[in-house]
Amino acid sequence: MPVENQIANKLLAHYDAQARSLPWRSPPGAPPADPYRVWLSEIMLQQTTVAAAAPYFERFTKRWPTVEALAAAEDADLMAAWAGLGYYARARNLLATARAVAGKGFPDTEAGLRELPGIGGYTAAAIAAIAFGHRAVVVDANVERVVARLFAIADPLPGAKPAIRAAADSITPDGRAGDFAQAMMDLGATICTVRAPACLACPIHEHCAGYVSGDPTAFPVKAAKKARPVRHGTIFWLERGKDVLLVRRPDKGLLGGMRALPTGSWGDSPPGLAGAPCDVGWHAVEPVVTHVFTHFELRLALVAGTSEKHCKMQPGWEWWPKDRIGQAGLPTVFAKAASIFGRDG
DNA sequence: CAGTCGTGGCG
DNA sequence: TCGCCAAGACT
């Protein structure tokens, strides 16, 4: 038997015995899971850990059991339900795709899936394999790591992606497409981990060039990362009786489309009261909030004030009950700030 | 292609 | 403590 088939068979046998039980997953060898649930889980899992996505998946599928139900959701409700999970463009694309396929089902080919908003190369392959049983080369960060080690691919990412994909293709079997994809990802998540791989527990370590090399963590090689700049801003907490002013952020850009506390623009130095929603007497609230995004660190001064009659409301602004701020669906950075304002009084 | 886009957990 | 990273997509 060719070594590629041996590798696939060992991975599948290991998966049969060790597969993680996950809310969106059908057991090894069982019929595929509902495409809606597979799709929803794959979107939630983009750059997101299983532990973080799982409670959101449970809430979403309970509230919206079908893609038709999701398609009928209000935009604001969907965005609020996504709050805290991050990468909010996923939520907007989720709704767009739900409305595109409602009533006619998901396409069952990679090419068809790839045309839907929020579904790229990885997700299209994953859905085709897991929900429809089609052979597809499913390459996520787990598979990249497993394959780079298995074949000791020394070229750095992202340039090595084509070679890694070709290597993944070479060990992808024709049958059990969904199980194989998930077996590879389980292996990467539980055994072939980033820092301390458990090679002796790995069903294919005897085929692994990275293991033979003595230092499997040397793979995959990655390009050096850029330094993360610091930006500064101000968050305004404007009260009016029992309410606080919330705004809706523009659809595009950071935290796009999300309900938020008002801020001015962010820059290289603290902007003070520039960009305040209203000209009232502001007072500082400690401490400064620091929040780390993917490509910059944000330091936000907090100021509070009380609305006066000449404060003019603008489109997208709303007064929200302070004691229900937890239900506003604020992204984490604003939830963090709101909790400080709340305990400050 | 390289930058943009969240968040939380882990060693 | 803090840098690294996760079932990537889009421009």
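**Salt bridges, pair by pair**

Modeller: Let's start with arginine 25, which forms a salt bridge with aspartate 186, the closest N and O atoms being 2.8 Å apart (a salt bridge being a side-chain nitrogen of Lys or Arg within 4 Å of a carboxyl oxygen of Asp or Glu). Arginine 25 sits in the loop between helix H1 (3–18) and helix H2 (35–44), while aspartate 186 is in helix H11 (residues 177–190), so the pair ties together parts that are 161 residues apart in sequence. Helices here are DSSP runs of H or I with at least four residues, strands are runs of E with at least two, and both are numbered from the N terminus.

A word on the ground rules: this is a predicted model, so local features need pLDDT of at least 70 and side-chain atom pairs count only at pLDDT 80 or more, whereas totals for chains, interfaces and linings use all residues. Residues are numbered from 1 along each chain as its sequence is written, chains are lettered from A and ligands numbered from 1 in the order in which they are written, and side-chain values use heavy atoms, with hydrogens and water left out.

Back to our pair: arginine 25 is buried, at a relative accessible area of 14%, and aspartate 186 is buried too, at 6%. Buried means under 20% relative accessible area, exposed over 50%, and partly exposed in between, with a 1.4 Å probe and protein chains only.

Next up, aspartate 169 and arginine 135 have side chains that meet in a salt bridge (2.7 Å, N to O). This one also links distant parts of the chain: aspartate 169 is in helix H10 and arginine 135 in the loop between helix H8 (121–130) and H9, 34 residues apart. Aspartate 169 counts as partly exposed, with 31% relative accessibility, and arginine 135 is partly exposed as well, at 33%.

Then there's aspartate 179, whose salt-bridge partner is arginine 176, with 2.7 Å between the closest N and O atoms. Salt bridges that share partners bring in Asp16 too, joining Asp16, Arg176 and Asp179 into one network. Aspartate 179 counts as buried, at 10% relative accessibility, but arginine 176 is partly exposed, at 33%.

To put these pairs in context, a search of the whole structure turns up 13 salt bridges. As for the chain they belong to, chain A has 13 helices and six strands, and 47% of its 345 residues count as buried.
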